[in-house]
Amino acid sequence: MYSEKVMEHFRNPRNVGEVENPDGVGEVGNPTCGDLMRITIKVKDDKIEDIKFKTLGCGAAIATSSMITELAIGKPLAEAEKISRQDIADSLDGLPPQKMHCSVLAADGLREAIKDYRSKSGTEEK
Amino acid sequence: MEEKFIYLDYAATTPMRPEVVEVMTPYFTKEFGNPSSLYTLGRNARGAIEDARDRVAAFIGADSREIVFTSGGTEADNFAIKGVAYANEKKGKHIIATPIEHHAVLEPCHFLNKRGFELTYLPVDEHGIVDPADVEKAITDTTVLVSVMHANNEVGTIEPLEEISKVTRAKGVYLHTDAVQTFGHIPVNVNDLGVDLLSVSAHKLYGPKGVGVLYIRRGTRMVSFMQGGSQENNRRAGTHNVAGIVGFAKAVEIAEREMAAEATRLAELRDHLIRGIFEKIPNSRLNGHPSKRLPNNVSMCLVGAEGEAILLSLDMEGISASSGSACTSGTLDPSHVLLAMGIPAEIAHSSLRLTLGKETTKEDIDYVLDILPPTIERLRAMSPLDASWGKSKC
């Protein structure tokens, strides 16, 4: 039911862990639902310089977390926060319909981390 | 190096034994007759079906006339529940079931519930066991059927049917059991168990898929499940699955011969695996009853890792496992069985089921015990909860 790309990211997830002294932290999901995601980012010149994730969840949850870190790294914040669930799913060659919520979680996780950075650094969007 | 393949999902399905394939083969080609035809070819097929019926009946202490062949366990469950409910509407429209039944029982119960039947779920304890006293309490003047599975497919717990049937008999209520996980694996005798209806599937005991049996005790008021020809004494219309039925009987014959020794062998491997997981993986818990359990079932919660991620990881190492029951993989909800046993959702999400069988060896179990601990460690290390597990608020 999973694409080879999903399985590849599940087998070898990119950017697992937490960045040191993160500029922004996004935590989404909850253990009752079986999914919990924590995204930490380092921001420099309004770009995502570094990003790491920690995820408790199914194969799709881990693969989407891994994928969003790849999609976001090096991107300007304004671009990164526009990454949609469909972008993540497409990059993984699709997700089973009942697993689409995992890509929602990943996209939300990144947006939360960016929001956290902005509120901490006082660079709220105008 | 040869690629590892260790199948530990025998509760989902089993490979057919070569002897089973062998006896089935002629019925696809040379002996293709319709068992309802009167000429020799038809009579041969009919004879094979009746021999098969006799064997299945003898195996569970039933009379041959009480055996109805079906398309499998799901049909047998549907037939039992709807068949009794619709035939006894004048007496009452109340049915009772456990919340840990297979979906093949739960869904027909929901179906009836939506159409004016009352449905009561029995409580189960933390091991999934039904208290016969609760059955007595649940029965009312309008109750027509109680359905309690013989053993649970996810956690392996064996229910005290002998005690439960004393209650249903005293109250004059029919008792159905889904024996799909026990038939051919531990002794199943309809008179010892005291059941009126019992569902069985062939592919769980090294027989073919697509064939099963519903045992119906003589005198049980039932409506027929399929309307059409007069097969199975007008109880189940449709041309018989002759090859499947013949293969089923062969699987039963083998089970008769091997079941006792195999149950002992598997129970030892099961306990070795459970002990090994407890020793090597901190924060693991056994689901289901420690001793009143199927000889081949290991069901654990490996707290802090997620079930599907565990089984995908094991598959990468050549191990076929299940997180709960195969029928529900593909849904997001944690197992309804574990939730009914009072296990919190965040723990239930970490369930892993390994079910052993014919080809399972001690070496296989030791391989799993080498692979599983680092797998769980890796997934736990990836989790944002690690040390704070269980303390965080949802």
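In chain B, helix α9 brings L269(B), H272(B), L273(B), G276(B), I277(B) and K280(B) up against K362(B), I365(B), V368(B), L369(B), L372(B) and P373(B) of α13(B); contact here asks for C-beta atoms, placed from the backbone, within 7 Å. Please keep in mind that this is a predicted model, in which local features need pLDDT of at least 70 and side-chain atom pairs count only at pLDDT 80 or more, while totals for chains, interfaces and linings use all residues. Residues are numbered from 1 along each chain as its sequence is written, and chains are lettered from A and ligands numbered from 1 in the order in which they are written.

**The helix pair α9(B) and α13(B)**
- The axes of α9 (residues 242-280) and α13 (residues 362-382) of chain B come within 10 Å and cross at roughly 20 degrees; axes are lines fitted to C-alpha atoms, for helices over the stretch in contact, with angles from 0 to 180 degrees between N-to-C directions.
- α9(B) and α13(B) are therefore roughly parallel, a term for angles under 35 degrees.
- Their crossing is right-handed, meaning that the near helix is turned clockwise from the far one by less than a right angle.

**The sheet of chain B**
- Seven strands form an open sheet with mixed pairing, in the order β2-β8-β7-β6-β5-β3-β4 (chain B); strands pair if DSSP finds at least two bridges between them.
- At the edges are β2 (67-70) and β4 (118-121) of chain B, each pairing on one side only.
- On average, and ignoring direction, neighbouring strands of this sheet are turned by 20 degrees against each other.
- Strand β3 (residues 94-97) of chain B runs parallel to β4(B), and four bridges join them.
- Within this pair, A97(B) stands opposite Y121(B) in β4(B).
- Strands (E, at least two residues) and helices (H or I, at least four) are DSSP runs, numbered from the N terminus.

**Where chain B meets chain A**
- The contact involves 18 residues of chain B and 18 residues of chain A.
- On the chain B side, α10 (307-316) and α12 (345-348) are the elements that give two or more residues.
- α10(B) gives the most to this side, with four residues.
- The chain B side has 10 nonpolar, five polar and three charged residues.

Conventions. Parallel < 35°, antiparallel > 145°, perpendicular 65-115°, else oblique. Contact = placed C-beta atoms within 7 Å. Nonpolar A, V, L, I, M, F, W, Y, C, P; charged D, E, K, R; others polar.
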